[in-house]
Amino acid sequence: MRRRIAGLAALALLASCGRTPPPGPEPRPRYVVGEGYSLGGQWSYPREDWSLDQAGIAEIMPRRSGLTANGERHDATALVAAHRTLPLPSIVTVTNLENGRSLRVRVHDRGPERAGRVIAVSPRAAELLGARGLFQARVTADQGASRLAGSGLEGHAPALAIATAPVGRVERESLAAPEGARVAAPRAETIRPAVATEAAATASPPERLPEQVTQGVPMPGRLWVEAGSFFRADFARTQAARLGMRAEPFGLPGRQQVWRVRGGPYATLPEADEAFARALRAGQQDLRLVVE
């Protein structure tokens, strides 16, 4: 009996060795804006914002298989990236502020997974940017190239108007929610926000961006945590006292005075991360860790 069982097991093993592994999901590239979603304890609201210009902390995307949030296949050797709010796909220029190197990448996934990070770039992009881990970066959207990248893809359409994002008692007095975002009802935390459609797309595979690195002047900055903007100084001071930060006026002369709440500058990234985490635990969602 034991010999028979052993023989059957050997036959099953041989049969499995000859099988072809099941194929992965079929890539179906599409244009995605998506609804608000929670990731890393922080809510993000995707929107069409071609004026985006952010400076913060960038990280390197983990190597993974499967599909991205807009239906493309993950490829660690391509010049791609993950961003929390930009439409997918978008084309942005990422500059490593620590060494001055700049590179254009294609944003096709949601992330970074940790709150307080401005973008996550593929391992190949990080290599060309001279980054081995976290690094100070500036992210600038390319409107023309982004619109061209999204044109022809299923779901490509103007962003919809939205209601104000879910906020707490103090945050109700902050500036309006981002124009063009779509707000969903709170749900379980997920890396993949809802997309515009689930129908199959017939678009050709996305074009790989050329590996063209531009060398500029290094411009590292100081680390700050920003926690909302207000039109009224008393609301800004209340928020600042609640978070252990300070309120300060900013904006262009001749326009309505705006007050922002922020903490810093911080000497190290761990200090900035801890300040960001404290504000997040206090219930503040309108948070940014910026380089200035």
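## The chain overall

The model is predicted. The protein chain holds five helices and 13 strands. Of its 292 residues, 46% are buried.

Its accessible surface is about 15,400 Å². Carbon and sulfur atoms account for 54% of that surface.

## Helix 3

Helix 3 runs over residues 143-150. Its buried residues are Ala145, Ser146, Ala149 and Gly150. Viewed down the helix axis, these buried residues fall within an arc of 130°, so they line one face of helix 3. In an α-helix there are 3.6 residues a turn, so residues three or four places apart point the same way. The cover over the buried residues of helix 3 includes strand 5 (90-96) and strand 6 (101-109).

Both ends have something to note. Asp142 caps the N-terminal end of helix 3. One of the Asp142 side-chain oxygens lies 3.3 Å from the backbone nitrogen of Gly144. After helix 3 comes Gly152, with a positive phi near 90°.

## Arg106 in strand 6

Arg106 belongs to strand 6. Its relative accessible area is 9%. The cut-off for buried is under 20%, so Arg106 counts as buried.

The side chain of Arg106 makes a polar contact of 2.7 Å with the side chain of Glu72. Leaving aside residues up to four places away in sequence, Arg106 also touches others, including Leu79, Val80, Pro89, Ile91 and Leu209. Ala149 is among the residues that Arg106 touches, and Ala149 is one of the buried residues of helix 3.

How values were computed:
Residues numbered from 1 in each chain as written. Predicted model: local features only at pLDDT ≥ 70, side-chain atom pairs only at ≥ 80, totals over all residues. Heavy atoms only, no water. Buried < 20%, exposed > 50% of the residue type's maximum accessible area, 1.4 Å probe, protein only. Helix = DSSP H or I, 4+ residues; strand = E, 2+ residues; numbered from the N terminus. Arc of directions from axis to C-beta. Contact = heavy atoms within 4.5 Å. Polar contact = N/O pair within 3.5 Å; in protein donor to acceptor, adjacent residues only side chain to side chain. Areas by Shrake-Rupley, 256 points an atom, 1.4 Å probe, with all protein chains shown as cover.
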